[in-house]
Amino acid sequence: MHGGQVEDFVGRPLVRVLTEAAAAGVPALFSEVQRGYIAYESDHVRMDGSVFPVATEVIAARGDDGALLFRIGYMTDVSARHEVEEERQALQRRFETAFSDAPVGMTLVGLDGQFLKVNRALCELMG
């Protein structure tokens with residue numbers, strides 16, 4: 001995911017794979033995981049310097065006495081999910097623009113026959 005080998009990461013601090021902004025939030029995240037579990041998204045940096053979004057879940061592993069032994073983290077590259085969401089938003093904006101700026105009257109009607117949305121051209125047509 002980050003473009004390196006195991007030895008590029010083992011024994012090195014987590015902040016090494018985070019953007020500067022994401023790294024600034026690590027102390028708060030570490031104190032929050034003391035409660036047991038957290039999930040968050042942050043921007044990571046690949047070995048080639050490119051930035052990508054990662055969803056992370058962290059679980060605090062504790063001994064029988066309740067002492068924190070280590071943290072287990074699961075990281076997932078969510079670039080594809082972010083790209084799909086950006087495309088969905090772009091399509092939504094295009095639809096909204098086409099609908100509202102259409103020179104013909106347009107409406108969206110619910111299954112119950114109620115107007116859900118109308119454009120200005122329809123309002124002018126209907127008076």
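User: What makes strand 1 and strand 2 a pair, and in which sense do they run?

Analyst: In this predicted model, strand 1 (residues 37-45) and strand 2 (residues 51-62) are joined by nine bridges in the antiparallel sense. Two strands pair if there are at least two bridges between them, so strand 1 and strand 2 count as paired. One of the bridges links His44 to Phe52 in strand 2. Ile38 stands opposite Val58 in strand 2.

User: How do you know that strand 2 also pairs with strand 3?

Analyst: Nine bridges join strand 2 to strand 3 (residues 68-77), and the cut-off is at least two, so strand 2 and strand 3 pair. They run antiparallel. Val58 has Gly73 as its bridge partner in strand 3.

User: Which residues take a positive phi in the two hairpins?

Analyst: In the hairpin of strand 1 and strand 2, Gly49 has a positive phi near 95 degrees. In the hairpin of strand 2 and strand 3, Gly66 has one near 90 degrees.

User: Why are strand 1 and strand 3 called edge strands?

Analyst: The open sheet has three strands in the order 1-2-3. Strand 1 and strand 3 each pair on one side only, and that makes them the edge strands. Neighbouring strands of this sheet are turned by 30 degrees against each other on average, direction ignored.

User: How do you know that helix 3 packs on the sheet, and which strands are involved?

Analyst: Contact means heavy atoms within 4.5 Å. By that cut-off, helix 3 (residues 79-101) touches strand 1, strand 2 and strand 3. The direction of helix 3 makes about 130 degrees with that of strand 2.

Key:
Residues are numbered from 1 along each chain as its sequence is written. This is a predicted model: local features need pLDDT of at least 70, side-chain atom pairs count only at pLDDT 80 or more; totals for chains, interfaces and linings use all residues. Side-chain values use heavy atoms; hydrogens and water are left out. Helices (H or I, at least four residues) and strands (E, at least two) are DSSP runs, numbered from the N terminus. Axes are lines fitted to C-alpha atoms, for helices over the stretch in contact, and angles run from 0 to 180 degrees between N-to-C directions.
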